[in-house]
Amino acid sequence: MAGFSLYCFINPRILFTLPSESPLFVLGSDKCSPATRRRSRKTRGFVVTYAHSNPKIINPKKKSRYGQTLSPYDSDEDEELDDESDEEDDDWLLNDDFAEVTEYEKKKPKSQKQTIAKKGVKKGIVKNWGKPEESETDEDYLDIGISRNVSSEKKKERESWRLDGRGKVSSRKYVEKLYPRLSEEIDIDPKWVPLLDYLSTFGLKESHFVQMYERHMPSLQINVLSAQERLDYLLSVGVKHRDIKRMLLRQPQILQYTVENNLKAHISFLMGLGIPNSKIGQIVAATPSLFSYSVENSLRPTIRYLIEEVGIKETDVGKVVQLSPQILVQRLDITWNTRYMFLSKELGAPRDSVVKMVKKHPQLLHYSIDDGFLPRINFLRSIGMCNSDILKVLTSLTQVLSLSLEDNLKPKYMYLVNELNNEVHILTKYPMYLSLSLDQRIRPRHRFLVELKKVRKGPFPLSSLVPNDESFCQQWAGTSVDTYLAFRQRLLLKEFANKYDKRV
């Protein structure tokens, strides 16, 4: 082997990886000049090198479900990957399972050719040696790392993705037929089809692929096996199958985030906050963008800010993140300070009260002051509540700041005064009233007790609205749950009919 030389006829597309102590055979390319071929024949048509010369060579036996090999250059970047791309790392044409066999030396002694072939088969590297000295228009393929006994269906699938003699994928018409709408919007590379087919199993359609392309074009260039590995991991930690589509539309870069250096690190971070495994999938589905933030440089500082600056106890941080995963990707120094200063100035809220609000309902850090806080505070003032009463209500039931004025707060207030004969100050004692459903809880229980003639004169007791249905029937109605549920169903149908008649 010492006398062999490395000529220009080496084709990088035809690399067969071996263990680090084994040689790597590289066949010559039919694209070289005749002179080069003559020189190659003098050197027996192949060159010997070693696998450890390229640290990025991967295991050739690792195959995708679509017949493509795993990209040998998989990104290990785990931080801020929004602008990163796998274009070079996932070039399937450079890693096709069925690399074309170039013209082989005809004058090579038969015994030597057989010896090389036997060695390749014995090592499990070359299982289908191409015919020597075939016409250049013939297509010979090397089946690397794939079982000899394959079904006809898999063979048919492979044939559809073979390369022609010029190294071009000859399936563009097939792609246009398979994804006609997408082909009109963007210029689809046929190499994307296996990935598109796989993502379609999550409910993604052509219009969704256009959105992903416009949001982050490199996301459609990912090797399908790499994408499957990453999504399978997310499913394994509790992400629901139905949530994958929404996650990819919001953060298509997820397909680029490596499992070992990105996804696992972020999942371990969440578990370290005391979040139970059963909640991890929900948090990831709600905030897929958290994978684009550095654990050490962004996420951990956010948690430290919650503890040291806001005043959330370390034991409560996990609960806060469960209630509002978006808090991990916010600029807390801005959102906290502006909302704390507003509540302090507007209602005279002490710091402890605001911290309680954040602990119970951290979503308030997302709400707009002008469109969220002010309209609801002004409404409570308009119905006769003073600042101290408003503060009591907000501290006990902070989600009032998220309720609709027209569809929720105003109708409940009108029913409280006109139907339940209560004064507004009762809300400081029973702020939960504002969080209960008017149609499903408040009105049915009130009407049910009225029908049973178990309502005393005067204000209706709001305490009857608090317990669950079973306790309500035992303590207040004295009937079975089925009786109450049947009444509620009739009432709902009647209310629906009345609303429908008004619309007509």
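Is Asn421 buried, partly exposed or exposed, and what is its relative accessibility? I began my notebook with this residue, and I found that Asn421 counts as partly exposed, because its relative accessibility is 46%. I noted the cut-offs beside the entry: buried means under 20% relative accessible area, exposed means over 50%, and partly exposed lies in between, with a 1.4 Å probe and protein chains only.

**Before going on**

I wrote down that this is a predicted model, in which local features need pLDDT of at least 70 and side-chain atom pairs count only at pLDDT 80 or more, while totals for chains, interfaces and linings use all residues. I also noted that residues are numbered from 1 along each chain as its sequence is written, and that side-chain values use heavy atoms, with hydrogens and water left out.

**Entry on backbone angles**

I looked up the phi of Asn421, which is near 55°, a positive value in a residue other than glycine. Most residues other than glycine have a negative phi. I placed Asn421 in the loop between α18 (405-418) and α19, where helices (H or I, at least four residues) are DSSP runs numbered from the N terminus. Lys453 also has a positive phi, of about 60°, although it is not a glycine, and I found Lys453 in the loop between α19 and α20. Lys453 counts as exposed because its relative accessible area is 77%.

**Entry on salt bridges**

How many salt bridges does the structure hold? I found 12 salt bridges, each being a side-chain nitrogen of Lys or Arg within 4 Å of a carboxyl oxygen of Asp or Glu.

I looked at Lys359 and Asp316, whose side chains meet in a salt bridge at 3.2 Å, N to O. This pair links distant parts of the chain, since Lys359 is in helix α15 (residues 351-360) and Asp316 is in the loop between α12 (295-310) and α13 (317-323), 43 residues apart. Lys359 is partly exposed at 39% relative accessibility, whereas Asp316 is buried at 9%.

I then turned to Asp439 and Arg443, which form a salt bridge with their closest N and O atoms 2.6 Å apart. Both residues lie in helix α19 (residues 438-451), 4 residues apart, which is about one turn of the helix. I recorded Asp439 as partly exposed at 32% relative accessibility and Arg443 as buried at 13%.

For Asp469 and Arg488, I found the closest N and O atoms of the salt bridge to be 3.9 Å apart. Asp469 lies in helix α20 (residues 469-477) and Arg488 in helix α21 (residues 481-503), so the pair ties together parts that are 19 residues apart in sequence. Asp469 is partly exposed at 22% relative accessibility, and Arg488 is buried at 19%.

**Entry on aromatic rings**

I found 10 aromatic pairs in the structure. Rings of Phe, Tyr and Trp (its six-membered ring) pair if their centres lie within 6.5 Å, and planes under 30 degrees apart count as stacked, over 60 as edge-to-face and the rest as tilted. Tyr198 and Phe202 form an edge-to-face pair, 5.5 Å centre to centre with 90° between the planes, and both residues are buried.

Why does the pair of Tyr257 and Phe291 count as tilted? I found their ring centres 6.5 Å apart and their planes at 50°, so the pair is tilted. Tyr257 is in the loop between α9 and α10 and Phe291 is in the loop between α11 (277-286) and α12, 34 residues apart, and the pair links distant parts of the chain. Tyr257 is buried, with a relative accessible area of 0%, and Phe291 is buried at 0% as well.

Gln251 is buried, with a relative accessible area of 7%.

Methods
Helix = DSSP H or I, 4+ residues; strand = E, 2+ residues; numbered from the N terminus.
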